[in-house]
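Subject: Structure for your records

Hello,

Here is the structure for you to look through. My notes on what was found in it follow below.

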Amino acid sequence: MDFNLKSSFFKPALKMAMEKTGHGRKLGFSITGVSDGSVSLVYPYDTEAVGNPVTGVIHGGVIVSLLDTCCGCAAMSIMETPSITPTVDLRLDYMHPAEPMKPVYASGKVYKITASVIFCRGVAWQDDTANPIAHCVANFMRIGAPKTNLSGIFKAGISRMIPWAK
Amino acid sequence: MSGDKNKIKAEDFTKNLREARDSSSPEKILDMIPYGNLIGSKARLCEEKLNLMLDPRQSNIGNPSLPAIHGGVIAGFLELASIIEVLYWLEIDCFPKVIDFSIDYLRPARYKTTYASCEILRQGNKLVNTSVIAWQDNKNLPVASARCHFLIN
């Protein structure tokens, strides 16, 4: 098995950024798979995130967050140097409502890389990948020399967990 | 099941919805949706226009190094603004179903109060089309713009 320096640092950095900080931490996302150009996540159902109080179906915003994170991480995974890839736009089609009390799985893949844009596709499902809840397409900017990089996220994460280590 | 106790009966939902419209208080509709509380949004009426606001919260951050609000939170907030707009202004009793949602991120959403205002572009028998923008300091410099389709029966 060959040792890949980039991916061996990328996965823990990504886990730290997405699971331990901000909105990903609040919703309880966990990364289930990372490879070059593809990232998968899982969201455990939580009554806090309900969007339809009559049926108990989670709000669409959670699905957007999930797929935006998936596709954004997939876009970041193809960058040669660790950097942030801002979302240009995202379109989401809802095929059917997510069933309450069940986790939602999502996967995002890069399908085209150009000099300045990364094109991604994502899909979210519960029981059956062939019967998805939602499908999305999202485009990301490719920024060469980043001001904001993963080490910034690392530092922010560390200073949040260990406030005295400034 | 623990999820059931947070559920509202359909008839109670309709009753609360009518009360909210009669008393001109859209925040009563927002109070019924747990996701609104999760991201920390508030609704208010200002000169017959419905505005939603989102206070900065640690748990809404997507990029901690800027810091910037998570793109998914902005999208969820805009979707919520559309749902409240549809439920408040249109004479429907059921919960609108989202069919598709498309968002353009125009500027980074900084860690400060964000506002949303929605416009219903078309109401048909089955479909409603809405256009919604999010801004922070200046309404003429939106941070994101979205459009949304809902199914109503």
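**Helix pair across the two chains**

α3(A) and α4(B) run roughly antiparallel to each other, because their axes cross at roughly 155° and angles over 145 degrees are counted that way. The model is a predicted one. The two axes, of α3 (residues 60-77) in chain A and α4 (residues 71-89) in chain B, come within 8 Å. The crossing of α3(A) past α4(B) is right-handed.

On the α3(A) side, the residues that meet α4(B) are G60(A), G61(A), V62(A), V64(A), S65(A), D68(A) and T69(A). Their counterparts in α4(B) are G71(B), G72(B), V73(B), A75(B), G76(B), F77(B), E79(B) and L80(B). Sorted by class, this helix contact has six nonpolar, seven polar and two charged residues.

**The sheet**

Which strands make up the sheet, and in what order? It is an open sheet of 12 strands, in the order β1(A)-β2(A)-β6(A)-β7(A)-β8(A)-β5(A)-β5(B)-β8(B)-β7(B)-β6(B)-β2(B)-β1(B), and the pairing is antiparallel. At the edges stand β1 (30-35) of chain A and β1 (41-46) of chain B; each has a single partner strand, so one side of each has no neighbour in the sheet. On average, neighbouring strands are turned by 20° against each other, direction ignored.

Where the chains join in the sheet, β5(A) pairs with β5(B) in the antiparallel sense over five bridges. One bridge there has L90(A) with I103(B) as its partner in β5(B).

**The contact between the chains**

Chain B gives 39 residues to the contact, and chain A gives 38 residues. On the side of chain B that touches chain A, the elements giving two or more residues are α1 (10-22), α3 (34-39), β3 (61-63), α4 and β5 of chain B. By class, the residues on that side of chain B are 22 nonpolar, 13 polar and four charged.

Regards

Definitions and conventions:
Residues numbered from 1 in each chain as written. Chains lettered and ligands numbered in written order. Predicted model: local features only at pLDDT ≥ 70, side-chain atom pairs only at ≥ 80, totals over all residues. Pairing = 2+ DSSP bridges. Helix = DSSP H or I, 4+ residues; strand = E, 2+ residues; numbered from the N terminus. Axes fitted to C-alpha atoms, helices over the stretch in contact; angles between N-to-C directions. Parallel < 35°, antiparallel > 145°, perpendicular 65-115°, else oblique. Left-handed = near helix turned anticlockwise from the far one by under 90°. Contact = placed C-beta atoms within 7 Å. Nonpolar A, V, L, I, M, F, W, Y, C, P; charged D, E, K, R; others polar.
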